[in-house]
Amino acid sequence: MDLKLYAITDERFMDETNIADKVAAAIEGGVSVIQYRAKSKDSAVMYREALIVRDVTRKYGIPFIVNDRLDIALAVSADGVHVGQADLPVSVVRKITGRDFIVGLSTHNLFQVEDANKEKVNYIGFGPVFPTNTKKNPDPVVGLDGLREAVKKSVHSVVAIGGINSDNIDSVLVCKPAGIAVVRAVFDGDPFLNARKLREKIDAEMGGSLS
């Protein structure tokens, strides 16, 4: 699974009328994973939007992850789910979904990273690396030093998240995460151009190239 540029949808920048176009543009720009996240919408709207994203990601052959909501993920045949520290335990998710389902886990400090080492996850998210306004009550900033230590301690692939953009991504990439997760840095503005700019920096540091 290519975690290099992991884009997370946000209801501030898209809805049912434009989510397909924005996700497609982001993928064409270089996004390698799409996560659907909506914190304030009801289940019916989330289901409809997730179906739309499922269709787009299937067309491009890109992994599709649903944030928090395992029920929505299963209902739309997503490739996986991303859970937080207060969501269903990973062990329970695995019992429900089986071994081939992608499971990601959010971590916010080194203790949680060490606990995650015991879990059957495909990757962990670690952050916020920088201050972010994407969440109403964000966890404390871990900083670049925290990210560097998380990469060393984790037995799983680490995806850096939180306040990352084209201006500071170079300092994040030096810490050697498996990927970068972003919201605003892709979907605020032109998703294609934003993703292309980020992906060029990622490929320059990690190797690889856009097709």
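Reader: Before we start, what does contact mean here?
Author: Contact means heavy atoms within 4.5 Å. Also, this is a predicted model.

Reader: Which residues of α1 are buried?
Author: Ile19, Lys22, Val23, Ala24, Ala25, Ala26, Ile27 and Gly29. Note that a lysine, Lys22, is on that list.

Reader: And what covers the buried residues of α1?
Author: The cover includes β2 (33–36), α2 (43–60), α8 (184–187) and α9.

Reader: What comes just after α1?
Author: Glycine 30, with a positive phi of about 130°.

Reader: Which strands does α1 make a β-α-β unit with?
Author: With β1 and β2, and the unit is right-handed.

Reader: OK, the sheet. How many strands close into the barrel, and in what order?
Author: 8 strands, in the order β1-β2-β3-β4-β5-β6-β7-β8, with parallel pairing. On average, neighbouring strands are turned by 25° against each other, direction ignored.

Reader: Which helix packs on the sheet, touching β1 and β8?
Author: Helix α9, residues 191–206. Its direction makes about 150° with that of β1 (5–8).

Reader: Stay on β1. Which residues point which way from β1?
Author: Leu5 and Ala7 point one way, Tyr6 and Ile8 the other. All of them are buried.

Reader: Why that pattern?
Author: In a regular strand the side chains alternate between the two faces of the sheet.

Reader: How many bridges join β1 to β2? And how many to β8?
Author: β1 and β2 run parallel with 3 bridges. β1 and β8 also pair in the parallel sense, over 3 bridges. Alanine 7 takes part on both sides: isoleucine 34 stands opposite it in β2, and its bridge partner in β8 is valine 182.

Reader: What phi does serine 77 have?
Author: A positive one, about 60°, although serine 77 is not a glycine. Serine 77 is in the loop between α3 (70–75) and β4 (80–83).

Reader: What phi does lysine 176 have?
Author: Near 65°, a positive value in a residue other than glycine. Lysine 176 lies in the loop between α7 (169–173) and β8 (179–182).

Reader: How accessible is serine 77? And is lysine 176 buried or exposed?
Author: Serine 77 is partly exposed, at a relative accessible area of 45%. Lysine 176 is exposed, at 52%. Exposed needs over 50%, so the two get separate labels.

Reader: Last one: threonine 97. Which helix is it in?
Author: Helix α4, residues 90–97. A polar atom of the threonine 97 side chain lies 2.8 Å from the backbone oxygen of valine 93.

Reader: What else is threonine 97 in contact with, leaving aside neighbours within four places in sequence?
Author: Leu70 and Leu74.

Key: Residues numbered from 1 in each chain as written. Predicted model: local features only at pLDDT ≥ 70, side-chain atom pairs only at ≥ 80, totals over all residues. Heavy atoms only, no water. Helix = DSSP H or I, 4+ residues; strand = E, 2+ residues; numbered from the N terminus. Buried < 20%, exposed > 50% of the residue type's maximum accessible area, 1.4 Å probe, protein only. Pairing = 2+ DSSP bridges. Axes fitted to C-alpha atoms, helices over the stretch in contact; angles between N-to-C directions. Polar contact = N/O pair within 3.5 Å; in protein donor to acceptor, adjacent residues only side chain to side chain. Right-handed = clockwise from strand over helix to strand, strands pointing away.
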